[in-house]
Amino acid sequence: MLFYSTRDKNNRLPLHQAILQGLASDGGLFVPEYFPQIKLNDLDPQLTYAQFATHILKAYFTDDSLSPAVATICHQAFNFPLVFKPLNDNTTILELFHGPTLSFKDFGARFLAQCLGHLNHEPRTILVATSGDTGSAVASAFHAQPNTQVVIMFPEGQISQRQQQQITCWGENILALAVDGTFDDCQKIVKQAFHEPWWHKRGHLSSANSINIARLLAQLTYYAYSSWQFCLQHQQSVGYVIPTGNVGNSTAAFWAKAMGFPIREIVLATNANRVISHYIDQGKFTPQASIATLANAMDVGNPSNFERLTHLYDTHAEFKAHVRAFSCSDEAIRQAIISAYRQFNYILCPHSATAYFARQKLSTQPWIITATAAAAKFETILEPLLGLQLPLPEQLQALLHKPTHLVKVSATMAAVQQAVSQVTRP
Ligand SMILES: *Cc1c(COP(=O)(O)O)cnc(C)c1O
């Protein structure tokens, strides 16, 4: 199995090289040559999640140097549960946030860290720009990994206190930089670094952002697993409603469907950033400046995985026939949170609330609402809205009491390099 660029079928690499490289050399995104077809009857209902993931991912690792490690990678990465919470006869919440940093990003970040950990041992720098959840998931996944320096940039004062603590509590090989600028400034520095020899002299340079093929492969496992489990229980396929920003999470669901898993339909839920709905309606992809919303991890005006989603279809008409999207305002997010709490005594995070909102517009067929983060991460929004205090999950409790390590820098390449050179050996 090789992975080729969305921009050129002849630009192909084996899996481990696609993982190391992140972006294809022509600026495209890596996609698998084909989708291995699964036979549901061959799957033993007793499989654990990690065994199941190994079974369905094996084909993507065929002939790659990582192939002998796939079982270990899955067992180390997927060591936390997936939780189903049925709300009523035709709506189930799928909680993907029981990993160490309480968002679905733990699946992809842990899997990526395991893959890289099984590759060569040359020193490596991992650069990440984050508006919250990615930074904490990557820090947790790579903490104490040998030969690996992780540099996380976040916009100072623009992420929640709890998010910041989850990034700055690690120390050792995790350098947290509070950047005097915006998320876009952080992102720009990451992109620029790949063009500067200074960074490459330090060893291999990678970014752990959401376009890495390893993250997509990790994410397709929970759609495959949950649709299979749903089918075992209910003897029918199910639809998914997915909170969407950079479209990485939802693209993985389309890939699971392409493998033959019993997924009836996939619906994208976005916040007030409407670039996908606009594409569906108008047939034109027009990146926008992002709008700040209550679901901040989805504040994306130029979704980085969109090219992978359009790559699945030959024409706009075909895309439109398969992909639906609903956009949810901040007011509708608040209403969804209140309604789920009153009706089902269920507390949604603001991101998952966009999917709940979209679910209300859909048919009486069975749907799974993908819940992407734990409510407790967003207590400053939810506690005043619902008039209650959210219990602190134990993963957070453990981290909140650790000392913090952070360096404040201005939003320039020179300042970031200066901070990095001070903490690591030359
Ligand atoms: C990252 C994130 C999303 C958006 O996922 P994409 O893969 O970027 O579409 C949604 N919800 C939460 C909580 C997130 O952290």
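1. Phe61 is in contact (heavy atoms within 4.5 Å) with Leu15, Leu66, Ser67, Val70, Ile73, Phe111 and Cys115, leaving aside its neighbours within four places in sequence. The model is predicted: local features need pLDDT of at least 70, side-chain atom pairs count only at pLDDT 80 or more, and totals for chains, interfaces and linings use all residues. Residues are numbered from 1 along each chain as its sequence is written, and side-chain values use heavy atoms, with hydrogens and water left out.

2. Phe61 also belongs to the largest nonpolar core, which has 98 residues. Such a core is a set of buried Ala, Val, Leu, Ile, Met, Phe, Trp, Tyr and Cys residues joined through side-chain atoms within 4.5 Å; buried means under 20% relative accessible area (1.4 Å probe, protein chains only). Leu57, Tyr60, Phe61, Phe111 and Leu220 touch the most other members. Helix H9 (residues 213-234) gives the most to this core, with 12 residues. Helices are DSSP runs (H or I, at least four residues) and strands likewise (E, at least two), numbered from the N terminus.

3. A second, separate core has 39 residues, including Val267, Met298, Leu348 and Leu382.

4. Helix H2 (residues 49-57) meets H9 through Tyr49, Phe52, Ala53, Ile56 and Leu57.

5. Helix H6 (residues 161-168) has 7 of its 8 residues buried, among them Arg162, Ile167 and Thr168. These buried residues pack against helix H5 (133-142), strand E7 (148-155), strand E8 (174-180), helix H16 (379-386) and helix H17 (394-400).

Methods
Buried means under 20% relative accessible area, exposed over 50%, partly exposed in between (1.4 Å probe, protein chains only).
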